[in-house]
Amino acid sequence: ADRRWQVPKATRAALGIAEDAFLLVTAGFATRAKRLDWVIAALEALAGEAVDFAWIHAGEARAEEFDLAGRLARAAPALRPRARVTGWLDD
């Protein structure tokens, strides 16, 4: 396996993400151009399957461009606990 793309066990533990869970990370300002609506739709479909996953959006929400918080509030109940938005992060 290509270890460059693996999240260290300690990091997963600190974030409460299972060692074998698929982790999707998106980054940057949450805008319409990022098509996070498509990401959410795909993850809602996946949430109905027997797949352990987590999604972290590492970036600031821009509600005037895409209401990420509102869309997540309306998301499938199985997705909501698996999704996190960090807000703005510095380097």
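Contact means heavy atoms within 4.5 Å.

## Basis

This is a predicted model: local features need pLDDT of at least 70, side-chain atom pairs count only at pLDDT 80 or more, and totals for chains, interfaces and linings use all residues. Residues are numbered from 1 along each chain as its sequence is written, and side-chain values use heavy atoms, with hydrogens and water left out.

## Threonine 26 and strand β1

Threonine 26 lies in strand β1; strands (E, at least two residues) and helices (H or I, at least four) are DSSP runs, numbered from the N terminus. Threonine 26 is buried, with a relative accessible area of 14%. Buried means under 20% relative accessible area, exposed over 50%, partly exposed in between (1.4 Å probe, protein chains only). Leaving out residues up to four places away in sequence, threonine 26 touches Leu36, Trp55, Ile56, His57 and Ala58.

β1 and β2 run parallel, joined by six bridges. Two strands pair if DSSP finds at least two bridges between them. Leucine 23 stands opposite alanine 54 in β2.

## Helix α2

Helix α2 spans residues 36-47, twelve in number. From first C-alpha to last it reaches 16 Å, close to the 16 Å expected at 1.5 Å a residue; that expected span is 1.5 Å times one less than the number of residues.

Leu36, Val39, Ile40, Leu43 and Ala47 are the buried residues of α2. Seen down the helix axis, they fall within an arc of 95 degrees, so they line one face of α2. The arc is that of the directions from the axis to the C-beta atoms. Their cover includes β1 (22-27), β2 (53-58) and α3 (68-73). The face turned away from the buried side carries exposed Trp38 and Ala45.
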